[in-house]
Amino acid sequence: YGFADVLSPQTVELDPSRIATQVVSGIGFLGAGIIITRRGAIHGLTTAAAVWESAAIGMAAGAGLLLLAAAVVALHFVSALAFNAVERQLNARLRGAVSLHVIYETGRGVLRQLLHVCGQRKWHLTELVADPHDIERDQVGVTMTLAGARIANAAQVLAEIDGVSA
């Protein structure tokens, strides 16, 4: 829609929309390079989306669609403020989280018991990272990040489970 005035039969025959096509290709390449997957988590997705948004705003402004460009900028700031409010609520909920490294004996269903106790106490497991602690002595370690009410005594509670070494 931004190039309709240029593409009339009485004027010079050219297609400035080809510039937009090349911008889309370039931004797609940059966006793909920004997105990184590490340990099953995706990083850089919002940054890539912001690059796409900036390119779209620039192309709209360059094509003479200034009202559209201004509306997208305004919507960006509204969504950024809403995101910050949601992020603050989530951080407030996770405040007081505890990270524990639990070492237990393998083959006895101890991890199942650990998760069962966490569920009974309504603790939220936000992260679980396993490592082969001392595999020669049949021990495994996990780092658990827990959040919830009465979380201060979590180390004591989990240490009382049969099969937990440390």
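Start by selecting Thr46, Ala49, Ala50, Glu53, His76, Ser79, Ala80 and Phe83: together they line the largest pocket. A pocket here is an open set of points on a 1 Å grid over the protein atoms alone, where a 1.4 Å probe fits, with protein on both sides within 12 Å along at least five of seven lines; lining residues have an atom within 4 Å of a point. This pocket holds about 150 Å³ of space, a volume being the space filled by probe spheres set on the points.

Before moving on, a word on what's on your screen. This is a predicted model, where local features need pLDDT of at least 70, side-chain atom pairs count only at pLDDT 80 or more, and totals for chains, interfaces and linings use all residues. Residues are numbered from 1 along each chain as its sequence is written, and side-chain values use heavy atoms, with hydrogens and water left out.

Now colour α2 (45-62) and α3 (66-94), as each supplies at least two residues of that lining. Helices (H or I, at least four residues) and strands (E, at least two) are DSSP runs, numbered from the N terminus. Zoom out and you'll find 5 helices and 5 strands in the chain, running α-β-β-α-α-β-α-β-β-α along the sequence.

Next stop: Arg108. Which residues does Arg108 form a salt bridge with? One partner is Glu105, with the closest N and O atoms 2.6 Å apart; another is Asp162, at 2.7 Å. A salt bridge is a side-chain nitrogen of Lys or Arg within 4 Å of a carboxyl oxygen of Asp or Glu. Arg108 sits in the loop between β3 (98-105) and α4 (110-120), while Asp162 is in the segment after α5 (154-159), so this pair ties together parts 54 residues apart in sequence.

Asp162 is exposed at 55% relative accessibility, whereas Arg108 is partly exposed at 37%, and so is Glu105 at 31%. Buried means under 20% relative accessible area, exposed over 50%, and partly exposed in between (1.4 Å probe, protein chains only). Of the chain's 166 residues, 21% count as buried.

Last, pick Ile42, which you'll find in strand β2 (residues 41-43). Ile42 is exposed, with a relative accessible area of 54%.
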